[in-house]
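Please read them with the coordinates open.

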Amino acid sequence: MSLQINSHFLNNSIVIIKSLDPGEEDTAMTLYNHLVSISGADSPRLEFHDASSKQHVFQILDDILVKVRSGMKPIIHFETHGNKDHGLHIFASDEFISWQELVDKFREINVESNSNLGVVMAACFGMYAIKPIKIFDPSPFFVLISSQDEIEIEYINEQIWKFYDSLFSSGSLEVAMSDIDEQFASFHAEKFFTVSVIKYFRYGCMGEAAQERLERLVAEATSGMTNLTTDQIEAFRKHAEDFITPKPEVLDRISEKFIIDKSKYTVTFDEIMKMASAAA
């Protein structure tokens, strides 16, 4: 059974944030001018910012948060350099914004936009922004498009232009994402969540792994207790079995925070269990 995600993404603005060496080709302004040239009456509103410092980037993101509360549905586009350990580099002030700091800012915006934040990083290692993500926190974006490797600027530009040309002509994020090469990877929040839950059910709640977890839970619950009867131990075991048994309410509980707009999430508990069983 293949994984199908049928949710939708709303977008009415693209905010380009640039931080490049003045000696480099100004790919950010070139992209902005191109987007202006292909814009029509129904195209997303465009903004352009040349970031002078880490604090300036935070101010831009805070301004986006305010605008989101008034209806903005943004794609935030970064034209800068990335480092897999340190985050995005702000050239003018020679500072790094860590992946964790970015995720925390994005999360605020994504929650306010009802999970309609897209992030595009025209930077090496931009996909490392997913490292701080946990499924027990609200998702920081609906989608992230970037690379997990160090790649040539010409390749980045080619893929970025292809993505936006497709987005503007089709009006569909899914179509635009399908038009870029696999080396320019994408993170889809609901797909990430679904795969994570499948793995949790398969490797934590089924088969030998579940039995080992069950015994560990019983041992932890009864640690330090003496003279327990067989009935008491059995009661602990039944409670532990109920705790690790996959059920719809478990999926609901896990998804409560990560999936911001649950009305868009279409994958059912039965579908997840079929995929978890198929992975055995």
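1. Glu-47 has a relative accessibility of 7% and therefore counts as buried; buried means under 20% relative accessible area, exposed over 50%, and partly exposed in between, with a 1.4 Å probe and protein chains only. Glu-47 belongs to strand 2 (residues 45-50). Strands (E, at least two residues) and helices (H or I, at least four) are DSSP runs numbered from the N terminus.

2. This is a predicted model, in which local features need pLDDT of at least 70 and side-chain atom pairs count only at pLDDT 80 or more, while totals for chains, interfaces and linings use all residues. Residues are numbered from 1 along each chain as its sequence is written, and side-chain values use heavy atoms, with hydrogens and water left out.

3. What does the side chain of Glu-47 join in a polar contact? The partner is the side chain of Arg-45, at 2.8 Å. A polar contact is a pair of N or O atoms within 3.5 Å; within protein, one must be able to donate a hydrogen and the other to accept it, and residues adjacent in sequence count only if both atoms are side-chain atoms. Leaving out residues up to four places away in sequence, Glu-47 touches Ile-14, Val-15, Ile-16, Tyr-32, Lys-67 and Met-72, where contact means heavy atoms within 4.5 Å.

4. Strand 9 (residues 184-188) is largely enclosed by the rest of the structure, because 4 of its 5 residues are buried. Strand 9 pairs with strand 8 (residues 143-147) in the antiparallel sense over 5 bridges; pairing requires that DSSP finds at least two bridges between the strands. Ser-146 stands opposite Ala-185 of strand 9.

5. The structure holds 12 aromatic pairs. Rings of Phe, Tyr and Trp (its six-membered ring) pair if their centres lie within 6.5 Å; planes under 30 degrees apart count as stacked, over 60 as edge-to-face and the rest as tilted. One of the pairs is Phe-193 with Phe-258, stacked at 5.8 Å centre to centre and 15 degrees between the planes. This pair links distant parts of the chain, with Phe-193 in helix 6 (residues 189-204) and Phe-258 in helix 9 (residues 248-258), 65 residues apart. Phe-193 is buried at 0% relative accessibility, and Phe-258 is buried at 1%.

6. For Phe-201 and Phe-269 the ring centres are 6.1 Å apart and the planes stand at 75 degrees, so the pair is edge-to-face. Phe-201 is buried, with a relative accessible area of 0%; Phe-269 counts as buried at 16%.
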